[in-house]
Amino acid sequence: MTIRTHLLATVTGACALPAFADVSIYTTRQPELIQPVMDAFTAETGIAVNLAFVNEGLIERLTAEGARSPADLVMTVDIANMQRVVDSGTVQPVDSQVLLDAVPANLRSADNTWFGLTTRARIVYASKERVAEGEITTYEDLADPKWKGRICTRSGLHDYNLALLSAYIAHHGEEEAKVWAQGLKDNLAKKPEGNDRAQVKSIWAGECDISLGNTYYMGQMLADPEQVEWADSVSIRFPTFEDGGTHVNISGIAMTQSAPNKEEALQLMEFLVSPEAQAIYAEENNEYPVLPSAARSDLVQGWGDFTVDDIDLTEVAGHRAAALRIMEEVNFDG
Ligand code: FE
């Protein structure tokens, strides 16, 4: 029961219908990352938020539940996952000038089905000792033979690397992207293995000098006593595409096709792009707010400013199949 429901029940002295329904969210993100911003929403509006953590089978669940789904909203990470949700036909467009004004056009869908809430950049972690400031400026440069035997990365088939290669395709086309993927592979110090943090550990251990990784992992490593020395051995460098900016991906939100509480769900979506909510939500996972005017956490701001690549993420998602094929053709993980 919400605060307002309590009030209403007291005033009427009867078992009245709630003035505001709760909002239910299916999320593939860890609920503890989302809870603080939802608490802020409930404090401001009196609308309770139910979070259901759906680790796998989100689309299957939404499809099976159909019109009877209790979910009003879905939250996912990575444009490929969001695009799969959209393609499944289980979400609907929302009409909101607030959302259009807050979220930059490249970080939301053109048909108003999904909206980015936070971003993370896919950057280069570089050894403080072995890589000079300014030595890495572009993604294209990572295929240069000067890096031979010096680069570590997780699997080329992972969503994060497929999105980066998809963005490369968006900038340069499939042919050049394949040459780049081959060049990057030729520069690897070892076979792709482990997650983004494992690559930083490899830099710390002297096995390679630079790695690909998402920005928020720096925050996670710094918060882990075992990993803090890995983090201290590297600095974040923001490469750009030669004709663009730094590749980012999103965490995002969409309204389900069947949303039982459409009005409250929209209210929550709009709250989530307010400066206050943006700062809370982004800080929780060391991400960047999508709202340009929202405050970044001190830690995140300390990594420096960069130019976000302005390629539309929907276009990036559209190149995923080609990116996957290229990774397989160059046998990136082999
Ligand atoms: Fe991650």
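## Exercises on helix H7 and the iron site

The buried residues of H7 (buried: under 20% relative accessible area with a 1.4 Å probe, protein chains only) are Ala 177, Trp 180, Ala 181, Gly 183 and Leu 184. The model is predicted, local features need pLDDT of at least 70, side-chain atom pairs count only at pLDDT 80 or more, and totals for chains, interfaces and linings use all residues. Residues are numbered from 1 along each chain as its sequence is written, and side-chain values use heavy atoms, without hydrogens and water.

**Exercise 1.** Find how the buried residues of H7 are arranged around its axis, and what they pack against.

*Solution.*
1. Viewed along the axis of H7, the buried residues fall within an arc of 165 degrees (taken from the directions from the helix axis to the C-beta atoms), so they line one face.
2. The face turned away from that side carries Glu 175 and Val 179, both exposed (over 50% relative accessible area).
3. The buried residues pack against strand E6 (151–152), helix H6 (159–172), strand E7 (210–214) and helix H15 (320–329), where contact means heavy atoms within 4.5 Å.

**Exercise 2.** Identify the protein donors of the iron ion and their spacing along the chain.

*Solution.*
1. Donors are N, O and S atoms within 2.8 Å of the metal (3.2 Å for Na, K and Ca); water is not among the atoms, so sites may look incomplete.
2. Tyr 160 (OH), Tyr 216 (OH) and Tyr 217 (OH) are the protein donors, 1.9 to 2.1 Å from the iron ion.
3. Their spacing is Y-x55-Y-Y.
4. Tyr 160 lies in helix H6 and Tyr 217 in helix H9 (residues 216–222), so this pair ties together parts 57 residues apart in sequence.

Definitions and conventions
Helix = DSSP H or I, 4+ residues; strand = E, 2+ residues; numbered from the N terminus.
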